[in-house]
Amino acid sequence: MESRLAQLQGFLAESPSDPFLKYALTMEYVKLNNAIEARKGFEDLLLNHEDYVGTYYHFGKFLEAAGEKDRALEVYEKGVSIAQSKRNFHAMGELKNAILMANGLLDEDE
């Protein structure tokens, strides 16, 4: 049986500009602890699919885990702006909470 990674790579080869497929592949790399490919995927999404809101929360968390809190905060802030412009208030709330958590102003349980 073909692995999820191979399936996603195949789908992306057929539709190389699809932001959802790029996001799904990137998240698969995160799941597999392949930080190099995950970072490449996140950076590509920010560069080529700036309005793909889901990227910002997960890339921010990825950066925090890598000890890059300042960059994570920048990513979260940009995500808030994009979510607000797209009127995606759910994502905007999650990103604002991520900023508060990264700054130690909110516990994960709150």
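A: We can begin with exposure: a residue is called buried when its relative accessible area is under 20%, exposed when it is over 50%, and partly exposed in between, with a 1.4 Å probe and protein chains only. The structure is a predicted model, in which local features need pLDDT of at least 70 and side-chain atom pairs count only at pLDDT 80 or more, while totals for chains, interfaces and linings use all residues. Residues are numbered from 1 along each chain as its sequence is written, and side-chain values use heavy atoms, with hydrogens and water left out.

Q: Why is R87 called exposed?
A: R87 has a relative accessibility of 61%, and the word exposed requires over 50%, so R87 counts as exposed. R87 lies in the loop between α5 and α6, and its phi is near 60°, a positive value in a residue other than glycine.

Q: What makes N33 count as exposed, and where is N33 found?
A: The relative accessibility of N33 is 70%, and therefore N33 counts as exposed. N33 is found in the loop between α2 and α3, and its phi, too, is near 60°, which is a positive value in a residue other than glycine.

Q: Is T26 buried or exposed, and how do you know?
A: T26 has a relative accessible area of 3%, which is to be set against the limit of under 20%, and therefore T26 is buried. T26 is placed in helix α2, and apart from neighbours within four places in sequence, T26 is in contact with A38, G41, F42 and L45.

Q: What makes the elements of this chain helices, and how many are there?
A: Helices are DSSP runs of H or I with at least four residues, strands are runs of E with at least two, and both are numbered from the N terminus. By this rule the secondary structure of the chain comes to 6 helices and 0 strands.

Q: How do you know that the span of α3 agrees with what a helix should have?
A: The expected span is 1.5 Å times one less than the number of residues. For the 14 residues of α3 (residues 35-48) this should come to 20 Å, and because the end C-alpha atoms are 20 Å apart, the span agrees.

Q: Which residues of α3 are buried, and why can they be said to line one face?
A: The buried residues of α3 are A38, G41, F42, L45 and L46. Seen down the axis, they fall within an arc of 130°, so they line one face of the helix; the arc is that of the directions from the helix axis to the C-beta atoms. On the other side of α3, I36, K40 and L47 are exposed, while the cover of the buried residues includes α2 (19-31), α4 (54-65) and α5 (69-85).

Q: What makes a group of residues a nonpolar core, and which members touch the most others here?
A: A nonpolar core is a set of buried Ala, Val, Leu, Ile, Met, Phe, Trp, Tyr and Cys residues joined through side-chain atoms within 4.5 Å. The largest one in this model has 28 residues, of which F59 and Y76 touch the most other members. Two or more residues are given to this core by each of α1 (4-14), α2, α3, α4, α5 and α6 (89-102), and the largest share, 7 residues, comes from α5. F59 touches F42, E43, L46, R71 and V75, not counting residues up to four places away in sequence.

Q: How do you know that the chain agrees with the rule for a compact globule?
A: The rule is 2.2 Å times the number of residues to the power 0.38, and the radius of gyration is taken over C-alpha atoms. With 110 residues the rule gives a value near 13 Å, and the chain has 14 Å, which agrees.

Definitions and conventions. Contact = heavy atoms within 4.5 Å.
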